[in-house]
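Please keep the sequence and the picture in view while reading.

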Amino acid sequence: MSQQELFVDSPPAGPGASEAGGGSRGRSRLGLVVTGMLGGSLVALYAVAAPFVAPALRKICLPFVPATTAQVENVLQALRVRSGSLVDIGSGDGRIVIAAAKHGFRASGFELNPWLVWYSRYKAWREGVHSSTSFHISDLWKVSFAQYSNVVIFGVPQMMDQLELKLARELPSSARVVACRFPFPTWLPEHTAGEGIDTVWVYNAKTFKSQLQQGLTRQTMTTAQEDT
Ligand SMILES: C[S@@+](CC[C@H](N)C(=O)[O-])C[C@H]1O[C@@H](n2cnc3c(N)ncnc32)[C@H](O)[C@@H]1O
């Protein structure tokens with residue numbers, strides 16, 4: 001076996017050989033850098049996009065659709081005689097929480113998408129309401145809203161019956177609830193504000209809690225009659 005056959009992987013000898021070897025090494029390094037950058041960009045794109053796409057895969061799809069300026073104004077109008085604590089359920093980019101804080105509320109937002117929560121915190125800090133706002137990365141179905149006296153929800157029709165029950169059980173009688181764009185299915189609103197897609201429905205907990213109580217009493221009586 002010749003020496004050349006023994007070292008088949010060695011770069012070819014002769015004039016220009018080292019230049020050719022260096023060139024192919026340079027190309028493979030460039031290939032690695034490009035592949036790494038492409039892979040990194042894809043991972044980054046996935047990390048940013050996934051929380052926005054994920055709601056579509058959940059049983060109840062509640063996507064990020066920010067409130068219009070008129071909608072925010074209608075919410076504030078509905079709560080103009082109120083004060084104290086406020087929560088926006090599914091707070092998006094924090095616009096309702098921040099607007100409420102500017103009107104004197106201690107305002108909190110619960111939101112599943114971490115990017116929106118980080119952005120909301122930054123915006124609250126930039127707009128000078130950092131100390132009267134708080135934003136939580138949480139699933140709305142896994143937290144209790146019992147401590148809030150004002151509740152805002154911009155939901156979707158598919159979730160409103162389930163949320164109705166949850167809020168009727170958790171909220172104190174002194175609470176007020178404002179529903180944006182879609183009303184609750186069985187609660188009777190005290191009044192509405194705005195029109196079209198910017199309509200908000202205003203509910204007093206005292207009313208819907210007594211409705212729930214009456215419903216439960218009726219249910220209990222029906223069950224008792226069925227048992228006898
Ligand atoms: C229609 S947007 C309303 C945004 C904001 N409240 C506003 O009015 O501008 C609903 C928000 O709820 C969030 N969301 C969806 N499912 C959620 C869940 N299970 N828990 C908490 N937030 C959720 C979405 O990411 C989205 O930002």
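## Terms and starting point

A residue is called buried if 20 or more other C-beta atoms lie within 10 Å of its own, exposed if 12 or fewer do, and partly exposed in between, with the C-beta atoms placed from the backbone. Helices (H or I, at least four residues) and strands (E, at least two) are DSSP runs, and they are numbered from the N terminus. Two residues are in contact if their C-beta atoms, placed from the backbone, lie within 7 Å.

The model is predicted, and for that reason local features need pLDDT of at least 70 and side-chain atom pairs count only at pLDDT 80 or more, while totals for chains, interfaces and linings use all residues. Residues are numbered from 1 along each chain as its sequence is written.

## Overall plan

The protein holds seven helices and seven strands, and along the sequence they follow the pattern α-α-α-β-α-β-α-β-β-α-β-β-β-α. Of its 228 residues, 29% count as buried. Among contacts between residues at least 6 apart in sequence, 62% join residues at least 24 apart.

UniProt, in an unreviewed entry, lists residues 30-54 as "transmembrane region"; its positions are given here in the numbering of this report, its feature names are shortened, and its annotations may be inferred rather than shown by experiment. In the model, the chain over residues 30-54 is 96% helix and 0% strand, with its end C-alpha atoms 35 Å apart.

## Helices H3 and H4

In H3, the residues Gln71, Val72, Asn74, Val75, Leu76 and Ala78 are buried. These buried residues pack against H4, strand E4 (150-153), E5, E6 and strand E7 (200-204).

Seven of the eight residues of H4 are buried, so this helix is largely enclosed by the rest of the structure. The buried residues are Arg95, Ile96, Val97, Ile98, Ala99, Ala100 and Ala101, and what covers them includes H3, strand E1 (85-89), E2, H5, E3 and E4. H4 is followed by glycine 104, whose phi is positive, near 95 degrees.

An α-helix has 3.6 residues a turn, so residues three or four places apart point the same way.

Serine 120, placed in helix H5, is buried because 24 other C-beta atoms lie within 10 Å. Leaving aside neighbours within four places in sequence, serine 120 is in contact with Ser91, Asp93, Gly94, Val97, Gly109 and Phe135.

## Two residues in loops

Isoleucine 60 is found in the loop between helix H2 (17-53) and helix H3 (69-78), and it counts as partly exposed because it has 15 C-beta neighbours inside 10 Å. The C-alpha atoms of isoleucine 60 and methionine 159 are separated by 6.5 Å, while the two residues are 99 residues apart along the chain. Leaving aside neighbours within four places in sequence, isoleucine 60 is in contact with Val156, Gln158 and Met159.

Arginine 181 is found in the loop between strand E5 (176-180) and strand E6 (191-193). With 20 C-beta neighbours inside 10 Å, arginine 181 counts as buried, and its phi is near 65 degrees, a positive value in a residue other than glycine.
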